[in-house]
Amino acid sequence: MIPRLELDGISKRYPGVLANDGVHLRVAPGEIHAVLGENGAGKSTLVKIVYGALRADAGTLRWNGAPVRIASPAAARALGIGMVYQHFALFDTLSVAENVWLGLDKRFGLRDAQTRIAQVASAYGLEVDPARPVHTLSVGERQRVEVVRALLGNPKLLILDEPTSVLTPQAKERLFATLRRLAADGCSILYISHKLDEIRELCDRCTVLRAGRVSGEVEPARETNASLSRLMIGAEPPPLRHTTRRPGDVVLDVRGLSLATRSPFGTELVDIALDVRAGEVVGVAGVSGNGQQELLAALSGEDARAPRGSIRLFGNDVARAGVAQRRRLGLRFVPEERLGRGAAPTLSLAANALLTRSDAVSRGWIRFGAVERLAGRLIARFDVKAPGARTAAQSLSGGNLQKFILGREVDAAPKLLIVAQPTAGVDVGAAARIRGELLELRDQGCALLVVSEELDELFEISDRLVVMAKGRLSPSIATSDATVELVGEWMSGLWQQATVQRQHA
Amino acid sequence: MLELEPRAQPSRALSLASPLFALALTVVCGAVLFALLGKDPLRGLAVFFVEPVKNLYALSELSVKATPLALIALGLAVSFRANVWNIGAEGQFVLGALGGGWVAMQAGPATGAWLVAPILVAGALGGMLWAGIVALLRDRFNANEILTSLMLVYVAVLLLGWLVHGPWKDPHGYNFPQTITFLPATRVPRLAEGLRANAGVLIALVAVAAFWVFLFRSWRGFQLQVGGLAPRAARYAGFSSRGALWTALLASGGMAGLAGALEAAGPLGQLTPHVPVGYGFAAIIVAFVGRLHPLGVVFAALLMSMFYIGGELAQSRLGLPKSLTGVFQGLLLFALLACDALVRFRVRWRSRPEPSRA
């Protein structure tokens, strides 16, 4: 059979990086084909080349057997290639139909768009109300709008870039059902992901990328997570040692934390209650954008407007305390954004060590020898791959910078460590190392609060789980009692009924 | 079409040499300009680049103009590094002159030379007061400091005009808008007889060292710069952005005020409506040409001072308008910005634009 899409020797160089190096890829008609690779392996670059958003430096691209040059996304759409980006491009204030209509040929009227949306939606189980404004939709519904929009172009190949990173487990299942139905109708699907389970569940074939090169092409259903992981990173991550311990005293005690948002697109915090004890890891699950940023800022002290008495650290009311004061009490925080928040991009690692470590400051003067020794120690202790303490933070890879930032806080012997997305964008080896570091800290009696989008990760390291949805926080549940389904339901904010029912029973 | 593409690793050596390239470009453009104006380019360039440094007297004159430029630019370098855009140093300079001038006018026949110290302190306080208004407006009402500091320049100039036309006018000055001439005891001591260079030069050199230590060795200076480079990292670290705002504005305002007092109690010796001559604005160029670095500021101040003197000489020797000074200053800044852009980006020719995203 002639492949729907065939890439031959595709290479793309950015200043300083070879993002794609002679990549081959074949997608058959009606096939769900995965492109697997860790962050920075070159998946996004490859997809952009196929969709005409980037041009390859070398190699050929064949569409139904004929060589083509795809100069722009419009040209890709004309060929029959549709794309659903990881970050949606929808206008919040417009209705679903208007958003879809904007991307359509202008020969159609808005009325036509509405009927066609209804047709496509019912054919593939993508229920969306065309009249609803986008800002009232959940993330899963927004993604459905994007898929509908792509499907209205009658694509022969649909590309999805990490589509499940924003979905609850239930929404993910619905998406998979839709994709299977599309494939059965003959549409090829290029599915970009770094999640092994999903690929094994959904995809017929899988091309694995490592450092810009194809490291294997396999049938995922016949592989194990371990074998896929070996192809993806060249090694298997070591298993984590997670022993149960009796947690100690309450370290962080949050009661009645309600906070109006500062930005018009933020999420209001509503009556948050939470406690974290010494020697335990509490995981915060939830689709991002449900108030995690706001909660973290209120806890770290970057936003010190919380109502008095709502945040207690070792019994001290710190709701209105600044960052430095909380840090003196033993609270340390690793933010999600590494460059620009956790570290100043253009400054050296030594200078970045100074951001939260004032050990090398005496009477207002910086002792640079001591600062460089501190940075050097962090680099050695946490296995940060960097030429030295004078290297600029921005020249490190995401994983190495994360090891440095986390190391900077861990090395300060925190009593409460709050970590946001500890392993997002970090390669698998470094991620395992980071999780191990967190558990070790827990075993030393530190209290940990970990906010993550990766449910697997939370299940792996947490003792208790809470779920955040629409600015509220669920009651906590022991990880051993929790299931992915339950947490998934809670992620849509449905724990209230659950708790109410339990009270009635 | 032409496109700028970021370089992976901008060369550090080129980035340091960029001001020198800019200077070379300025010289070339200047030569072309003289040729177009029908003057001998070599003679024209000599007026700008040789005459101002050819003997001790010329060097002394150079220092008279370079001193206020360097003092103001040092403060601005701190302010700009903190991402606080104080462009109203001209007004703070005027307030410094007013503060210093007021103290100087209190002197009696018996007053000793010790009064110079209070004059300078009053000048610095005057500049800090003016910049403090900007800080207060930003802190309390989030008013953009670029606008407020600039608008306060005009207020300062009007205030000076009102004082020298009204309450501070010299009663024996034939109704000219000027104050009394300050008593000799209150004048900033000169370095040598017959030269106008005064103790301000030494103050500027001490200030260079002090600002270097503040920026590169002090905890407060570090916090301030992190606030400018990565504001969210500074907030995460717990560095006070309000503290940085006030420090930046009070430091830059204080330095501009000090320069104003040195000018009033130095070369001017009285207050007239002509106290502001643009040092406060020229110092912005000095700060950037000097890479916001205290040592760089010294060289940049000397260069800008050469342009001032060169412009005056071009008027008298070559019969060219004095506005040539501004042309040279502008050429230098423009060339510097172009060189900086080329150090950080490479120019690429593309046959057709490449759409980046749908």
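User: At what angle do helix α4 and helix α5 of chain B pack, and how far apart are their axes?

Analyst: Two packed helices are described by the angle between their axes and the distance between the axes. Axes are lines fitted to C-alpha atoms, for helices over the stretch in contact, and angles run from 0 to 180 degrees between N-to-C directions. This is a predicted model, where local features need pLDDT of at least 70, side-chain atom pairs count only at pLDDT 80 or more, and totals for chains, interfaces and linings use all residues. Residues are numbered from 1 along each chain as its sequence is written, with chains lettered from A and ligands numbered from 1 in the order in which they are written. Here, α4 (89-105) and α5 (116-141) of chain B pack at about 145°, with axes 7 Å apart. Helices (H or I, at least four residues) and strands (E, at least two) are DSSP runs, numbered from the N terminus.

User: Which residues make the contact of α4(B) with α5(B)?

Analyst: Contact means C-beta atoms, placed from the backbone, within 7 Å. Among them are B:Gly96, B:Gly99 and B:Gly100 of α4(B), and B:Gly123, B:Gly126 and B:Gly127 of α5(B). The contact has 16 nonpolar, eight polar and no charged residues. Ala, Val, Leu, Ile, Met, Phe, Trp, Tyr, Cys and Pro count as nonpolar, Asp, Glu, Lys and Arg as charged, and the others, Gly among them, as polar.

User: Which residues have the most contacts inside the largest nonpolar core?

Analyst: In soluble globular proteins, nonpolar side chains tend to be buried together. A core joins buried Ala, Val, Leu, Ile, Met, Phe, Trp, Tyr and Cys residues through C-beta atoms within 7 Å. Buried means 20 or more other C-beta atoms within 10 Å of the residue's own. The largest core has 261 residues, and B:Leu69, B:Ile72, B:Ala73 and B:Val286 have the most contacts inside it. Helix α10 (241-268) of chain B gives the most, 15 residues. B:Ala73 touches residues including B:Ala283, B:Val286 and B:Gly290.

User: How many residues of chain A are in contact with chain B?

Analyst: 28 residues of chain A meet 22 of chain B. The chain A side has 15 nonpolar, nine polar and four charged residues.

User: In what order do the four strands of the open sheet in chain A lie?

Analyst: Strands pair if DSSP finds at least two bridges between them. The order is β2-β1-β4-β5, with antiparallel pairing. β2 (17-27) and β5 (66-68) are the edge strands. The twist averages 30° from one strand to the next. β1 (5-14) and β2 of chain A pair over seven bridges. A:Glu6 has A:Arg26 of β2(A) as its bridge partner.

Methods:
Buried ≥ 20, exposed ≤ 12 C-beta atoms within 10 Å, placed from the backbone. Contact = placed C-beta atoms within 7 Å. Lists of a residue's contacts leave out its neighbours within four places in sequence.
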